[in-house]
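Morning, everyone. Please look at the screen.

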Amino acid sequence: DGVSGARHTCDSGTKFDRVRSKCMDTADVNSFCYGPSLNQQETFLAVICGEDYTGWRTTQNCRQYFYCQQGYADKVHNCGEDLMFDVALGTCNFAGSTKCIEEEKGNSLPVSTLPGSSPALQPMMEDESPT
């Protein structure tokens with residue numbers, strides 16, 4: 001139709017990977033902006049995220065969590081013993097304070113039991129770990 005798509009700017013030494021919707025090392029992305037094939041975990045996470053979804057998702061009865069960015073996630077985080085990921089707080093919480101509900105896709109939807117909680121909007125930094 002002659003209309004260009006979205007523009008993405010990446011840092012020096014990186015190219016935008018259409019498969020993962022993020023900038024990756026130039027050596028890993030071809031001239032058509034496609035990186036390597038998704039591995040098994042990335043494919044599983046993409047199915048759970050759903051097309052174009054951005055936000056938190058969980059698996060393993062809310063004991064594991066990840067952030068979806070436009071349908072893709074690349075890193076799974078684990079909550080500690082007796083903890084579940086609480087989307088409303090954006091962190092792991094005591095299992096007794098968080099109720100986990102299974103969705104149709106088989107992934108878990110954690111629901112905070114704390115009054116007045118609102119969903120977290122952004123993921124934590126990669127080097128942060130929830131307590």
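First, a term: contact means heavy atoms within 4.5 Å. With that, take cysteine 79. Leaving out residues up to four places away in sequence, cysteine 79 touches Cys62, Arg63, Tyr65, Met84, Phe85 and Cys92.

A word on the source. This is a predicted model: local features need pLDDT of at least 70, side-chain atom pairs count only at pLDDT 80 or more, and totals for chains, interfaces and linings use all residues. Residues are numbered from 1 along each chain as its sequence is written, and side-chain values use heavy atoms, with hydrogens and water left out.

Now the disulfides. The cut-off is a pair of cysteine sulfur atoms within 2.5 Å. How many disulfides does a search of the whole structure find? Four. Number the bonded cysteines in sequence order, and the pairing reads 1-2, 3-5, 4-8, 6-7.

Buried, here, is under 20% relative accessible area, exposed is over 50%, and partly exposed is in between, with a 1.4 Å probe and protein chains only. Helices (H or I, at least four residues) and strands (E, at least two) are DSSP runs, numbered from the N terminus.

Cysteine 49 bonds to cysteine 68, sulfurs 2.0 Å apart. The S-S torsion is about -85°, so this disulfide is left-handed. Cysteine 49 sits in helix α1 (residues 40-49) and cysteine 68 in strand β4, 19 residues apart. Both cysteine 49 and cysteine 68 are buried.

Next, cysteine 62 and cysteine 100, also joined, with 2.0 Å between the sulfurs. At 80° about the S-S bond, this link is right-handed. Cysteine 62 lies in the loop between β3 (55-59) and β4, and cysteine 100 in strand β8 (residues 98-102).

Back to cysteine 79. Its disulfide partner is cysteine 92, S to S 2.0 Å. Both are buried. The torsion is about -85°, so this one is left-handed.

What about cysteine 33? Its sulfur is 8.3 Å from the closest cysteine sulfur, in cysteine 10, too far for a bond. Cysteine 33 counts as partly exposed because its relative accessibility is 26%.

Last, the cores. A nonpolar core is a set of buried Ala, Val, Leu, Ile, Met, Phe, Trp, Tyr and Cys residues joined through side-chain atoms within 4.5 Å. The largest has eight residues: Trp56, Tyr65, Tyr67, Cys79, Leu83, Phe85, Val87 and Cys92. Strands β4 (64-68) and β6 (83-86) each give two or more. A second, separate core has six residues, including Leu45, Ile48, Cys49 and Ala73.
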